[in-house]
Amino acid sequence: MNAGESQRAPWIVGVSGASGTPYAAAVLRALLAAGESVDLVVSRASRLTLLDETGLSFRDAHWQSDLREWLARGADGKPDTFAVDLDGVRHWSAGDLAAGPSSGSYPAKGMLIVPASTACVAGVALGLSKDLLQRSASVTLKEGRPLVVAVREAPLGGQTLRHLVALDDAGAAVVPASPAFYAGATHIQDLVDFVAGRVLDAAGVPHTLYRRWAGELGGGSRTT
């Protein structure tokens, strides 16, 4: 391990099986644009969702090419919408429970789960650690690092609500994947970027993904 690698402190990004893979892509792009390092964990269920929502595969053996194609795609499905640089990304297989993020001694700034399915929420709230995503979240909580959970489900049942309260009590930030319209959205990408921006706000990562409220009515309806 060289000196640069030993100083690396990434954000762990977990992608679970809920609908909303464009949210994950927007968060990943913004983290890299902010100069942050990323450790990526893509659950087995999320790979099915990604295939269903985008037609793209995510394979451990080809993760770099698959991730580059995914992140380059816009929320409207148009390919090659974004330029992508993966230099700051490290990928861990979801089944690798000996991976770096499974240990509290592994240096990390915190973890973002986006999108977070109800099954993922339950697993983290109950401390099941059934895969690397859940284990990494449990480690993040026990080490007192920021954990942001972007839950995506409607309606929310009582059991899930109780799990979300348990996560809040444990110190996690619960960010529902609920786009707002005061920022003047004119495209599906704007709505996706708003949610991604709120996830990054909860983590304290600077970005320019959406127009912030400035206390002036009508600002979102103006064109620039």
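Predicted model: local features only at pLDDT ≥ 70, side-chain atom pairs only at ≥ 80, totals over all residues.

Residues are numbered from 1 along each chain as its sequence is written, and side-chain values use heavy atoms, with hydrogens and water left out.

Let's begin with α2, residues 21–33, and α8, residues 188–203. When I say helix I mean a DSSP run of H or I with at least four residues, and a strand is a run of E with at least two, both numbered from the N terminus. The axes of α2 and α8 come within 9 Å and cross at roughly 60°. Axes here are lines fitted to C-alpha atoms, for helices over the stretch in contact, and angles run from 0 to 180 degrees between N-to-C directions. So α2 and α8 are oblique to each other; on this scale under 35 degrees is roughly parallel, over 145 roughly antiparallel, 65 to 115 roughly perpendicular, and the rest oblique. Who touches whom? On the α2 side, the contact (heavy atoms within 4.5 Å) includes Pro22, Tyr23 and Arg29, and on the α8 side Leu191, Asp193 and Val199 are among the residues. Sorted by class, that contact has 12 nonpolar, one polar and two charged residues. For the classes, Ala, Val, Leu, Ile, Met, Phe, Trp, Tyr, Cys and Pro are nonpolar, Asp, Glu, Lys and Arg are charged, and the others, Gly among them, are polar.

α2 also packs on α4, residues 63–72, with axes within 9 Å and a crossing of roughly 100°. That makes this pair roughly perpendicular. Thr21, Ala24, Ala25, Leu28 and Arg29 of α2 meet Leu67, Trp70 and Leu71 of α4.

Next pair: α5 (118–126) and α7 (158–169) pack at about 45°, axes 9 Å apart, and are therefore oblique as well. Their contact includes Val121 and Leu126 from α5, plus His163 and Leu167 from α7. There are eight nonpolar, three polar and no charged residues in it.

Now for the spaces. What volume does the largest pocket have? About 210 Å³. The search uses a 1 Å grid over the protein atoms alone: a cavity is a set of points where a 1.4 Å probe fits but cannot get out, a pocket is an open set with protein on both sides within 12 Å along at least five of seven lines, and lining residues have an atom within 4 Å of a point. Grid points are joined across faces, edges and corners, and volume is the space filled by probe spheres set on them. This pocket has 14 lining residues, with Ser43, Ala45, Lys130, Asp131 and Gln134 nearest its centre. Five of the lining are nonpolar, six polar and three charged.

The whole structure has one cavity of 30 Å³ or more. Its lining includes Ile12, Tyr106 and Arg145, and α6 contributes the most, three residues.

Last, the backbone. Val114 and Pro115 are joined by a cis peptide bond, omega about -10°, with Pro115 in strand β4. Finally, Asp80 isn't a glycine, yet has a positive phi of about 55°; look for Asp80 in the loop between α4 and β3.
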